[in-house]
Number of protein chains: 2
Amino acid sequence: MTQIRLIDIKKDILAENRMEADEIRQKLRGNGVFMLNVMSSPGSGKTSLLLRTIAALGKELRMGVIEGDIESSVDAEKIARTGTPAVQLRTGGACHLDAPMIGAALNELNLAELDLVIIENVGNLVCPAEFDTGSTLSAVILSVPEGDDKPLKYPLIFTVCQVLIINKTDYLEGSDFDLAALKDRVYRLNPEIRIVEVSCKTGNGMESWTDLLRKEVADNRD
Amino acid sequence: MTQIRLIDIKKDILAENRMEADEIRQKLRGNGVFMLNVMSSPGSGKTSLLLRTIAALGKELRMGVIEGDIESSVDAEKIARTGTPAVQLRTGGACHLDAPMIGAALNELNLAELDLVIIENVGNLVCPAEFDTGSTLSAVILSVPEGDDKPLKYPLIFTVCQVLIINKTDYLEGSDFDLAALKDRVYRLNPEIRIVEVSCKTGNGMESWTDLLRKEVADNRD
């Protein structure tokens with residue numbers, strides 16, 4: 001009973017959200033801004049990836065960051081320390097960011113002076129996948145300690161993202177994480193997905209990610 | 001606008017859910033059954049903890065398991081291989097288990113022949129914390145690779161659980177995970193919470209968890 005009601009409501013919310021997401025995409029296009037939505041479980045390395053990306057591309061691209069958290073602003077503070085404009089969205093319990101929240105955050109950024117906005121979504125492998133944020137590209141991070149079976153259990157997020165970033169590859173040695181099995185599971189869900197392997201801790205493989213992102217931003221401008 | 005509607009609906013759902021959870025608790029009490037709800041992010045080690053718990057307590061307690069997953073039944077299959085009755089709940093997209101789902105799963109178990117039912121909730125540090133499942137005890141697992149800042153960002157789950165299980169302590173060496181800072185953050189949210197440290201991989205510290213659970217089940221019978 002409860003469930004059936006929940007599902008109907010969700011459909012309305014998702015349709016309304018999608019309309020606002022399309023408006024956001026139009027606004028971004030008008031300003032020549034690329035928006036990347038980064039999603040993952042808590043602790044997979046979203047903030048670390050952002051910091052590495054800012055360090056690598058900060059001189060060639062003008063960036064802004066939208067941090068989504070249920071509570072606290074520790075991540076936005078870390079970003080702000082790099083000199084990058086950061087907006088903290090505190091969802092106050094909500095388990096994902098939606099288009100209206102992103103719309104409100106974008107109003108706090110000067111889009112005319114930006115090339116790239118990166119959204120760090122709420123740490124959650126489930127709900128954020130359902131809500132279009134209006135972004136140009138969506139990426140999911142999966143870190144090695146989480147295990148190679150996650151695509152079997154949380155398929156939607158691997159289906160809606162264009163990029164999978166495998167992080168914490170420094171944990172691969174001596175672990176039973178099966179990289180080939182993971183990739184096979186992901187490609188079955190999403191044959192077009194691009195996969196990069198990085199360690200945000202050591203910096204290994206970061207160029208594969210920043211090269212991909214640089215090219216996407218450039219292609220989007222043409 | 002979307003958000004305000006969402007919150008109102010959520011209140012109704014949570015109130016309805018709470019009523020069903022209370023009915024479940026009454027039914028369990030009538031059958032002398034203890035129910036444990038295990039929550040965590042994806043990949044923190046819920047299934048590994050269950051397998052270790054079954055191996056340690058399976059001879060003294062008659063157990064049943066309810067597996068919650070969005071898709072797949074890989075976890076229930078792992079449990080069933082131990083000879084423990086297991087019910088798989090496939091939520092088909094829903095990011096948490098609620099009381100009606102647990103009520104339906106309990107109908108598939110013979111409560112008169114069980115001492116302990118363990119729920120493995122959907123891997124999610126956010127939504128499951130909001131839904132009372134009717135369980136006697138709630139435990140959250142946080143694994144070392146997720147980082148020591150999680151209580152700052154996902155406070156609710158650390159507030160509603162009576163036990164925190166710190167898993168993957170085998171990763172502590174050489175990591176920058178600050179165990180004292182983590183505990184301090186958790187105790188501020190929940191001064192009564194009990195904390196155990198385990199490695200489901202090596203088995204280290206497992207007795208601290210199984211001793212706690214054994215005592216809780218016994219106390220609940222008196």
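1. Helix 2 of chain B and helix 8 of chain B are roughly perpendicular to each other (65 to 115 degrees; angles under 35 count as roughly parallel, over 145 as roughly antiparallel, and the rest as oblique). The axes of helix 2 (residues 46-57) and helix 8 (residues 206-221) of chain B cross at roughly 70° and come within 10 Å of each other. Axes are lines fitted to C-alpha atoms, for helices over the stretch in contact, and angles run from 0 to 180 degrees between N-to-C directions. Helices (H or I, at least four residues) and strands (E, at least two) are DSSP runs, numbered from the N terminus.

2. This is a predicted model, in which local features need pLDDT of at least 70 and side-chain atom pairs count only at pLDDT 80 or more, while totals for chains, interfaces and linings use all residues. Residues are numbered from 1 along each chain as its sequence is written, chains are lettered from A and ligands numbered from 1 in the order in which they are written, and side-chain values use heavy atoms, with hydrogens and water left out.

3. On the helix 2 side, the contact (heavy atoms within 4.5 Å) is made by B:L49, B:R52, B:T53, B:A56 and B:L57. Helix 8 of chain B contributes B:M206, B:W209, B:T210, B:L213 and B:R214. By class, the residues of this contact in chain B are 6 nonpolar, 2 polar and 2 charged. Ala, Val, Leu, Ile, Met, Phe, Trp, Tyr, Cys and Pro count as nonpolar, Asp, Glu, Lys and Arg as charged, and the others, Gly among them, as polar.

4. Chain A has a helix pair to check as well. The axes of helix 2 (residues 46-57) and helix 8 (residues 206-221) of chain A come within 10 Å and cross at roughly 70°, so helix 2 of chain A is roughly perpendicular to helix 8 of chain A. This crossing in chain A is right-handed. A:L49, A:R52, A:T53, A:A56 and A:L57 of helix 2 meet A:M206, A:W209, A:T210, A:L213 and A:R214 of helix 8. The contact in chain A has 6 nonpolar, 2 polar and 2 charged residues.

5. B:F34 is in strand 1 (residues 34-40) of chain B. Its relative accessibility is 2%, so B:F34 counts as buried (under 20% relative accessible area; exposed is over 50%, partly exposed in between, with a 1.4 Å probe and protein chains only). Leaving aside neighbours within four places in sequence, its contacts include B:L213, B:E216, B:V217 and B:N220, and also B:D115, B:L116 and B:V117.

6. B:D75 is in helix 3 (residues 74-80) of chain B and is buried, with a relative accessible area of 1%. Its side chain makes a polar contact of 2.8 Å with the side chain of A:K153. A polar contact is a pair of N or O atoms within 3.5 Å; within protein, one must be able to donate a hydrogen and the other to accept it, and residues adjacent in sequence count only if both atoms are side-chain atoms. Not counting residues up to four places away in sequence, B:D75 touches A:K153, B:T47, B:E67, B:D69 and B:E120. B:D75 and B:E120 are 45 residues apart in sequence and 9.1 Å apart in space, C-alpha to C-alpha.

7. Two residues of chain A have a positive phi although they are not glycines. A:S72 has a phi of about 70°; it is in the loop between strand 2 and helix 3 of chain A and is buried at 14% relative accessibility. A:K168 has a phi of about 60°; it is in the loop between strand 6 (163-167) and helix 7 (179-189) of chain A and is buried at 12%.

8. A:S73 is also in the loop between strand 2 (63-69) and helix 3 (74-80) of chain A, and it counts as buried at 16% relative accessibility. The side chains of A:S73 and A:E77 are joined by a polar contact of 2.9 Å.

9. B:D176, in the loop between strand 6 (163-167) and helix 7 (179-189) of chain B, is exposed, with a relative accessible area of 74%.

Notes: Left-handed = near helix turned anticlockwise from the far one by under 90°.
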